[in-house]
Every structure is written in structure tokens, then in C-alpha cells.
Amino acid sequence: MFVLSLFLMGADNGDQNGKEWGKLLEQRKQLNVRIKKLMREQDYLVFQKTMYESDSKYLIINIPAKTGQLKYKNRALKDVHFKLVSGRTSRLTPGALTLTEKIEGPRKRNLLVFGQSLVLQDKYAPATRSESGIPHLSLSRKDFLSMYYAVESGAKAFILF
Amino acid sequence: MSEAVMIKKLPTFKLPCLLISLMLLTGFSEDQFVPIEALREEIRHLSQRVARLEEENQGLGNMLRDLDDGELYLVVDTESNRLTMRQGNAVLMTAIVGTGSRQFLKEERGRIWYFESPLGSFTVLGRERNPVWIRPDWSYVEENMPIPPRNDPDRFVRDVLGKYAILLGNGYKIHGTKWKNLLGTHFTHGCVSLDDEDLEVVHTSVKNGTRVYIY
């Protein structure tokens, strides 16, 4: 009888531990998700702070909203809308990109290339690198040319998801 | 080893195999070996990290908000010939403008002018009503006219810059124009031209010190 009651007490205790353990695992999961989110937020805040102190124009590209903004320090200079014309935006990760190439195409069919991550183009430019899966975002011709001539190679962009 | 012995030994592996299969089927993970105390400790650390990150982000956010002065400012896009009046992220007005022609003018004596709107960040230095245009030398060269002396009365021309002029420095201004049909193109000698209504709005909205960004 004594042994049986000890066993039952142990079982009850084990069940309680199991419940707490499950709760703790869930809590840990939620905390890790929160940390990831806060770190992304911090990346964006640090990026903004850096750009506010810098003397270059930069882009903010909001992928879900399909909008972009040309900025200089804390000032918005231009708002644009874009469309995904080829590639996959799932290849992009939130964070900073650098403009590596400004390609002058025939009849001003120019491209802004952000390494192997992203290409911005006007809606008539051929999507030359689409095979590689690099997302190509197209803007209206007027908006694209404004952006094209506003930024220099080495300019920064920040991708928001 | 004979087959009979092997068959006899097999059952000894059955229990661990069965356990592993069961663990895999029931969603076993390595977490199930983490002692509860270690898990509590890890959560304490993670919570501290969350608190630290939240505090840092709040500090950074406040710092950025402090820099957002909420002031009105003008943006001139010389590629699409548009002027935008903004306050923070809000667009208050957009106007079609004329900007520098991006043309060269060469004088026989050797002087060369390039008519481009200046790019960069500027400040409104002053505002004028009924501004008078003081014709520069290039204006005479352009029309193949003899260049008069500096203070010649012929240089002072009224009614060509519209009702207002907003001074940006180095002779550059935002002003009205007689050539309204050319708005939206590159036709000026570097100044930014607007039609009368838009000019009125801009003139009454800006003050000395208002920032103007031309790109």
C-alpha cells in the first residue's frame, strides 16, 4: 500500500512537471520568436540611424506593401509602387542591401542591381537576370528614372517584410 | 556466428528500437532531455534579452523620433520635373515644374554656361514679392545682343519671374514663368519654375529656413 501511494505521488508530481515543462518549452519558443522580431526591428532602426547621419540617398523597399521610398537623411523624397516581374521575393531577407551596379541599357532601359539579391528596373526593361531567380521589381518609367539618377553605386537599400 | 545465434540475439535490440520508433512517432525532440531547471534558467536569460532589446529599440526609436522635426520641406525631382511639398511622410502638394535645360551656351569670347538646376540640400534664404529679374550676361549672349554694363537699367526686368520668388542662394530661385506651356520639361536656366497657383501655395507655405531638396 505504501509503495503504491509513493508511486501515485510520483506519478502526480511527474504529471505536474510535464505540464510545467510543456509550458516552459512554449514560453521559450515564444521568446525566441520575439527576439528574432526585435532584432529585425533593431536592424532597421540602426540602419535608419546610420542613414540619418550619412550624406547619401537610400531606398526603403517594403515587399508586402509593394511600395518603395527614396530618402535622404530623415526626409522622404519620393514614394513609388512596384510590381514583381520575375524571380521570387522569397529569396530576399529583411535587411540592408548595397547597390552594386547601375546598368545603362539601350533607350534608357536601365537597371539598378543590388548584387545577387535584387534588381530594380522600369517596366519596359528586359528582365535579363530572371533565370537566376533574382527578384526583379518594376517601377513606372518616370519613377524608375528619377530613382536611377538619384542614387549612386554603393547606395543602400533596406528590405522590409 | 550461426543464424540461430543471430536470431536469438535479435530480441535484445527490440526494446531500444521500439522506444526510438515510439519517440519519433510521438514527436520526440532533444528538448525532452533538458532538465527543467536548465529550461527555467534559459527562459530567464531569454526574458532578460527580450527586455534588453526592447529597451535598446525604444531608445533608438526615441532618438529617431527626436530627429523627425515635423517641419514642412520641398522636394524637387529634376528628372520628372515635379515639386512635392511634404511634412514627414505626408505629401501636401505636388506641382509640375520646369528645371534646368541641361544645355550648354558658348560665348565667342570663350565663356561657357551649363544650365542645370543645382542638386543637393538647400535652405530658403528669402522670399520676394513681384521679383525683378536682373538679366545676367548669358541672357544677352543667348539672344546675340551686346552685353550692357553691370548696372544698366536694361538689366532690370519686371514681370518675368511671376508674383513671387523663393531664394535658394547663388542666384537660384523658385519662381513663376511666362512659359507655362513648357512646365514639365527641362527649359530653365537652372531655376525651378512653377505656375502662378502652385507658386502662391508654395510661397505662403514656406518660410526662411525651410529645407529644399533638389535631386
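**Exercise 1. Find the residues with the most contacts inside the largest nonpolar core.**

Solution. The largest nonpolar core holds 58 residues, and those with the most contacts inside it are Met147(A), Ala157(A), Leu74(B), Val76(B), Leu194(B), Val212(B) and Tyr213(B). A nonpolar core here is a set of buried Ala, Val, Leu, Ile, Met, Phe, Trp, Tyr and Cys residues joined through C-beta atoms within 7 Å. A residue is buried if 20 or more other C-beta atoms, placed from the backbone, lie within 10 Å of its own.

Before going on, a word on the model: it is predicted, local features need pLDDT of at least 70, side-chain atom pairs count only at pLDDT 80 or more, and totals for chains, interfaces and linings use all residues. Residues are numbered from 1 along each chain as its sequence is written, while chains are lettered from A and ligands numbered from 1 in the order in which they are written.

Now zoom in on Leu194(B). Not counting residues up to four places away in sequence, Leu194(B) touches Leu83(B), Ala95(B), Val97(B), Ile174(B), Gly176(B), Leu199(B) and Val202(B). Touching means that C-beta atoms, placed from the backbone, lie within 7 Å.

**Exercise 2. Describe the side of chain B that touches chain A.**

Solution. Start with the count: 29 residues of chain B and 32 residues of chain A take part in the contact. Next, look for elements giving two or more residues to chain B's side: these are helix H3 (36-67) and strand S1 (72-77) of chain B. H3(B) supplies the largest share, 18 residues. Helices (H or I, at least four residues) and strands (E, at least two) are DSSP runs, numbered from the N terminus. Finally, sort by class: chain B's side has 14 nonpolar, five polar and ten charged residues. In this scheme Ala, Val, Leu, Ile, Met, Phe, Trp, Tyr, Cys and Pro are nonpolar, Asp, Glu, Lys and Arg are charged, and the others, Gly among them, are polar.

**Exercise 3. Trace the open sheet of five strands in chain B.**

Solution. First, write down the strand order, S3-S2-S1-S15-S7, with mixed pairing. Strands pair if DSSP finds at least two bridges between them. Then mark the edges: strand S3 (90-96) and strand S7 (120-123) of chain B each pair on one side only. Last, follow one pair: six bridges join strand S2 (residues 82-87) of chain B to S3(B), and the two run antiparallel. Within this pair, Gln87(B) has Ala90(B) in S3(B) as its bridge partner. For context, chain B as a whole has five helices and 15 strands.

Terms used: A residue is buried if 20 or more other C-beta atoms lie within 10 Å of its own, exposed if 12 or fewer, and partly exposed in between; C-beta atoms are placed from the backbone. Two residues are in contact if their C-beta atoms, placed from the backbone, lie within 7 Å.
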